[in-house]
Amino acid sequence: MARYKTDHKEQTRERIITAAGRCFKKCGYSGIGVDGLAKEAGVTSGAFYGHFSSKENAFIEIVVTGLREVHDAIQNLQSEYGARWPEVFIDFYLSTKRTCDLAEACALQALTPEVTRSNEAVRAIYQAEMIKLVDVIAQGLPQGTTRNVDRAWTLLVMLSGGVTLMRALADEALAAQIAKTIRVAALTLIEGGAA
């Protein structure tokens, strides 16, 4: 009998997380069951339950993973671009994350509506991760006339809410125009320090 490599279990878990993340973003929480999630990951439903006790537990893991990816990406931008990081982030978010396939979308825009439909425990976990995300953004903003935490929340709301709305539009030209408007407002928020 062949033995699995020592990292096989971790690789399988990562494969499930990646596949489930794409599925929850594209189909929504109610739009796919455990069998579909397992099939997308290339595992059996039994293997899925070997890693997650329920679909909800997998969803929580996807939400936490997704928000931590945004957190880490912002930290990387701050390290790489210094004071210019907000502009790079805004441009990336309003272009690539606005037009990519929904399965590859940011957790903020694709999973937040699903979290609003979930229970209080899931929302509490989401809130805790969002506070960490806001803190890392606030730490990287220049000092302004308002608290950086307030500006960080405003920036996230502008970008994620704007992209969510633009994704729902049929007219790409209108969506692109809205993206330009949001870009100007977001840069004004960052540069002027007003919220």
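## Pockets, salt bridges and a surface patch

The lining of the largest pocket is made up of 14 nonpolar, four polar and six charged residues. Please keep in mind that this is a predicted model. That pocket has a volume of about 470 Å³, and the second largest pocket holds about 160 Å³ of space. The structure also has 10 salt bridges, and a few of them are described below.

**Largest pocket**
- In total, 24 residues line the largest pocket, and those nearest its centre are K25, G66, E69, K97 and A105.
- Helices α1 (8-27), α4 (55-81), α5 (85-99) and α6 (107-116) each contribute at least two residues to this lining.
- The biggest share comes from α4, which gives eight residues.

**Second largest pocket**
- The residues lining the second largest pocket include Y126, M130, W153, L156 and T164.
- Two or more lining residues come from each of α6, α7 (120-139) and α8.
- Helix α8 gives the most to this lining, with six residues.
- By type, the lining of the second largest pocket splits into seven nonpolar and five polar residues, with no charged ones.

- R22 pairs with E40 in a salt bridge whose closest N and O atoms are 3.4 Å apart.
- R22 sits in helix α1 and E40 in helix α2 (residues 34-41), so this pair links distant parts of the chain, 18 residues apart.
- Both partners fall in the partly exposed class: R22 because its relative accessibility is 26%, and E40 because its value is 42%.

- R68 and E129 form a salt bridge through their side chains, at 3.0 Å from N to O.
- Because R68 belongs to helix α4 and E129 to helix α7, this pair ties together parts 61 residues apart in sequence.
- E129 also meets K132 in a salt bridge, at 3.2 Å from N to O.
- Here both residues lie in helix α7, three residues apart, or about one turn of the helix.
- Through shared partners, R68, E129 and K132 are joined into one network.
- E129 is buried, with a relative accessible area of 8%, whereas R68 is partly exposed at 41% and K132 is partly exposed at 41%.

**Nonpolar surface patch**
- L165, L169 and L174 make a nonpolar surface patch of about 240 Å².
- Of these, L165 is found in helix α8 (residues 148-168).
- L165 counts as partly exposed because its relative accessibility is 46%.

Definitions and conventions. Residues are numbered from 1 along each chain as its sequence is written. This is a predicted model: local features need pLDDT of at least 70, side-chain atom pairs count only at pLDDT 80 or more; totals for chains, interfaces and linings use all residues. Side-chain values use heavy atoms; hydrogens and water are left out. Patches are made of residues with over 30% relative accessible area and no salt bridge: like charges are joined within 9 Å, nonpolar side chains (Val, Leu, Ile, Met, Phe, Trp, Tyr) within 5 Å. Accessible areas come from the Shrake-Rupley method with a 1.4 Å probe; for residues, only the protein chains shown count as cover. A salt bridge is a side-chain nitrogen of Lys or Arg within 4 Å of a carboxyl oxygen of Asp or Glu. Helices (H or I, at least four residues) and strands (E, at least two) are DSSP runs, numbered from the N terminus. Buried means under 20% relative accessible area, exposed over 50%, partly exposed in between (1.4 Å probe, protein chains only). On a 1 Å grid over the protein atoms alone, a cavity is a set of points where a 1.4 Å probe fits but cannot get out, and a pocket is an open set with protein on both sides within 12 Å along at least five of seven lines; lining residues have an atom within 4 Å of a point. Grid points are joined across faces, edges and corners, and a volume is the space filled by probe spheres set on the points. Ala, Val, Leu, Ile, Met, Phe, Trp, Tyr, Cys and Pro count as nonpolar, Asp, Glu, Lys and Arg as charged, and the others, Gly among them, as polar.
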